[in-house]
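Subject: Handover of a protein structure

Dear colleague,

Please find the structure below, together with a short account of what was found in it.

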Amino acid sequence: YEPNQEFAPANQSLIMAAAVSNPLSSPEFTEAYNLLNDMVTAYNDNIIVQYQNEVTLTSEYTGEPIPMNLYLFDSILSINYDEEQIAFRAELAVYGEVAAKVLNSDFFDSQNLSDITGDDIRDIFDSLANSHLLTSVIPVAIEVAADYFGEQQGINIDIPVDNLYAIEWDTEIMQLGEIAATAFELVNAAGAFVEGVDLNTITLDGDVVNTLFTELGQSDLITLSAYVALEPILEIAGTTIQAVITVPDNFSLDDWEGEFRAIGALAGEVLNTGLTIGDVESGDVMALLSVLSDVDFTILLDSQIVTQALINILSGAIPDLNLSQYIVIPDDIVWLDTDDGMGGTIYGELHNILTALNTIIDSVPDFNLENLDLSVIADLNPDDIVTIFNSRVLVATITDYVKNKLNFGDSFNLVLPDSVFDGVDGGGYLLQEELEAIVRAAHTIFSELACEATDDACGEMGFDMNGILTLGGDDIDT
């Protein structure tokens, strides 16, 4: 069979002049189809209908001229709701058009999801946007569903009703079609619908993901849903999540578009590294850090919610992480950027630490503050020390390691003169030039004093301490 997508325009027939040409072969459908077709033919052949068809009146539904018989039909079979006239005939034409697009699509023949195109989805949503019934029902349905869900979960879902009903729902439906089309094109292009594909190995186009989140932020329904749902979701999520994710002061509905853009920008950068689901599920932190070494983590700061979450985490919101065991947070830290009073910006600690981590991970892919040791310091690039010293958290953490955790066993004592620290009597942080010297010295130690494979004692320390006496003049100067 070949579906027939030719429908008479809505202003020329009571309903579709000919429905799809019997796309189903069952006797029951054929009987129903023939009955409907006979009814339409009889109606159109009626002499009174043919006479009325010659007289036109302006439709209250479309504002366009239509035959008198259709005008009378719409007047009888229509309802008025919220200053909208919902005409049965026009609604039937809309859904008939949608049905025709589905029946004439490649997917209807093949039943293969990969044959659906983004334009197929956009066309269907564009047609649905013409339904006055749908655009009138959606906000009512959302309000009722929110009340029901809230009662079931025992939480209060407070929807700003004025905002909900102020949405231009015909435009919103088309925007939702764009979102659905972009999402489908994304996974289809990645091969997710190919039979037998391993989903753990597929990669997503980061640029398309970025576009998808931008489109989400342009949807009034999505941003309103996010605004309304955040606090109820946090209530359900539990105390740990509530401690991490908090709504910033003065955060409004209008801010959600920026949130989606920020999350999309970060997701796009991450996915453009070639990261797969398998990489994430592997749990290999070092492999993940290596993949993410090219990602600009400062993009995180474009999101107010993510920014506040980072502050909460670093401030100890999750006790189980025991961050204080390996990260030192100065008491007077300023997390956010501030205005310098002259039109410039004084970067806060979040910006500085993320910039420093970008720099460090680029040089030392396996950098880990939890297991900081001399071998990691040896891999630092001396030219990157300036960037590291912009972060007070990193300076304080490295200072704590040098003062309290750096040791060479019971046979050797580490003497730290006050002059290598700022402050009074060595009470401050390690000086920048001293860290540069430590990096150069550590690099020399690990390159020139490598352990023998059979020397277990040396292996525990990481280098041959006794070999120091064999170093040349230049190495000793270092």
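In strand β4, Glu-84 is the bridge partner of Tyr-81. This pair belongs to an antiparallel pairing of β3 (residues 78–81) with β4 (residues 84–87), which runs over four bridges; two strands pair if DSSP finds at least two bridges between them. Two residues lie between the strands of this hairpin, and Asp-82 takes a positive phi near 50° there.

Please note that this is a predicted model, in which local features need pLDDT of at least 70 and side-chain atom pairs count only at pLDDT 80 or more, while totals for chains, interfaces and linings use all residues. Residues are numbered from 1 along each chain as its sequence is written, and side-chain values use heavy atoms, with hydrogens and water left out.

The protein holds 23 helices and six strands. Both are DSSP runs numbered from the N terminus: helices are H or I with at least four residues, strands E with at least two. Of its 478 residues, 36% count as buried, that is, under 20% relative accessible area with a 1.4 Å probe, protein chains only.

Helix α16 (residues 304–314) has as its buried residues Ile-305, Thr-307, Ala-309, Ile-311, Asn-312 and Leu-314. Their cover includes α11 (220–237), α12 (239–244), α13 (256–271) and α17 (349–363), judged by contact, meaning heavy atoms within 4.5 Å. Just after α16, Gly-316 takes a positive phi of about 95°.

Of the contacts in the protein with a separation of 6 or more, 64% are between residues 24 or more positions apart.

Yours sincerely

Methods. Buried < 20%, exposed > 50% of the residue type's maximum accessible area, 1.4 Å probe, protein only.
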